[in-house]
Amino acid sequence: MINVYLFDWGDTLMVDFPGVTGKMCNWEIVEPVTGAKEALEVLSKNAQIYIATGAADSTELEIQQAFERVGLSQFISGYFCRANLGLSKGSPEFLNSILDKLKVHSENVAMVGDNFDKDIKPAIATGIQPFWFTSKHIESATDNVKVIRGLSELYL
């Protein structure tokens with residue numbers, strides 16, 4: 001049973017606009033990915049939700065501020081990034097550090113992300129259930145990877 005969901009940030013829960021730089025909390029326009037609020041609302045009733053992001057230039061507080069701007073922060077229990085872990089996303093060590101801090105076993109955790117190399121491969125390596133959120137047409141994936149095209153597929 002999944003007790004903890006780790007979500008990627010950009011293009012998984014919030015739109016990462018091409019060409020826009022700087023800290024997302026300061027962007028002129030921020031918006032959630034379609035279905036993000038509904039998914040977090042449903043999932044947070046029975047599990048804890050955390051952000052596991054590779055954002056290199058934002059602190060935990062700045063990430064939270066971006067989520068507050070789109071009304072998603074109320075569903076999120078915490079934020080993990082390079083600033084508070086001292087590790088870059090994309091390695092099993094990044095996810096293992098999160099598991100250690102949360103004191104949870106990998107079999108009770110899911111990772112939801114759009115980047116196969118930075119989200120899915122490390123999840124597989126650490127025994128976390130991977131959900132690959134992609135618009136690509138993929139018939140099946142290996143290593144027990146669940147491919148989803150909409151966030152509602154996490155709870156429907």
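Me: How many aromatic pairs does the count come to?

Reply: Six aromatic pairs. Rings of Phe, Tyr and Trp (its six-membered ring) pair if their centres lie within 6.5 Å; planes under 30 degrees apart count as stacked, over 60 as edge-to-face and the rest as tilted. This is a predicted model, where local features need pLDDT of at least 70 and side-chain atom pairs count only at pLDDT 80 or more, while totals for chains, interfaces and linings use all residues. Residues are numbered from 1 along each chain as its sequence is written, and side-chain values use heavy atoms, with hydrogens and water left out.

Me: Take Tyr50 and Phe80. Why is the pair tilted?

Reply: The ring centres are 5.6 Å apart and the planes stand at 40 degrees, so the pair of Tyr50 and Phe80 counts as tilted. Tyr50 belongs to strand E2 and Phe80 to strand E3 (residues 78-80), so the pair ties together parts 30 residues apart in sequence. Helices (H or I, at least four residues) and strands (E, at least two) are DSSP runs, numbered from the N terminus.

Me: Are Tyr50 and Phe80 buried or exposed?

Reply: Tyr50 and Phe80 are both buried. Buried means under 20% relative accessible area, exposed over 50%, and partly exposed in between (1.4 Å probe, protein chains only).

Me: Which residues do ring pairs link into a cluster?

Reply: Trp9, Phe67 and Tyr79.

Me: What else does Phe67 touch?

Reply: Leaving out residues up to four places away in sequence, Phe67 touches Trp9, Leu13, Met14, Ile51, Leu72, Ser73, Ile76 and Tyr79. Contact means heavy atoms within 4.5 Å.

Me: On to the largest nonpolar core. Which residues touch the most other members?

Reply: Phe7, Trp9, Met14, Phe67, Val112 and Leu151, out of 35 residues in that core. E1, H1, strand E2 (48-52), helix H2 (60-69), E4 and strand E5 (129-133) each supply at least two residues of this core. H1 gives the most, with four residues. Apart from this core lies another, of 15 residues, including Tyr50, Ile98, Leu99 and Met111. A nonpolar core is a set of buried Ala, Val, Leu, Ile, Met, Phe, Trp, Tyr and Cys residues joined through side-chain atoms within 4.5 Å.

Me: Now H4. Which of its residues are buried?

Reply: Phe94, Leu95, Ser97, Ile98, Leu99 and Leu102. They pack against E1, E2, E3, H3, E4 and H5.

Me: And what follows H4?

Reply: Lys103, with a positive phi near 55 degrees.

Me: Switching to charges. How many salt bridges does the structure hold?

Reply: Four. A salt bridge is a side-chain nitrogen of Lys or Arg within 4 Å of a carboxyl oxygen of Asp or Glu. One of them joins Lys89 and Asp8, with the closest N and O atoms 2.7 Å apart. Lys89 sits in the loop between helix H3 (82-85) and helix H4 (92-102), and Asp8 in the loop between strand E1 (4-7) and helix H1 (36-43), so the pair ties together parts 81 residues apart in sequence.

Me: How accessible are Lys89 and Asp8?

Reply: Lys89 counts as buried at 14% relative accessibility. Asp8 counts as buried at 7%.

Me: Which residues are linked with Lys89 in a network of salt bridges?

Reply: Asp8 and Asp119. The side chains of Lys89 and Asp119 meet at 2.4 Å, N to O. This pair links the loop between H3 and H4 with helix H5 (residues 116-126), 30 residues apart.

Me: What about Asp117 and Lys121?

Reply: Asp117 and Lys121 form a salt bridge too, at 3.1 Å, N to O. They are four residues apart in helix H5, so about one helical turn separates them. Asp117 is partly exposed, at 47% relative accessible area. Lys121 is partly exposed as well, at 46%.

Me: Which residues of H5 are buried?

Reply: Asp119, Ile120, Pro122, Ala123 and Thr126. The buried residues of H5 pack against H4, E4 and E5.

Me: Which residue caps the N-terminal end of H5?

Reply: Asn115, with a side-chain oxygen 3.0 Å from the backbone nitrogen of Asp117.

Me: Last one. Where is Ser106 found?

Reply: In the loop between H4 and strand E4 (109-113). Ser106 counts as buried, at 15% relative accessibility. A polar atom of its side chain lies 3.2 Å from the backbone oxygen of Thr126.

Notes: A polar contact is a pair of N or O atoms within 3.5 Å; within protein, one must be able to donate a hydrogen and the other to accept it, and residues adjacent in sequence count only if both atoms are side-chain atoms.
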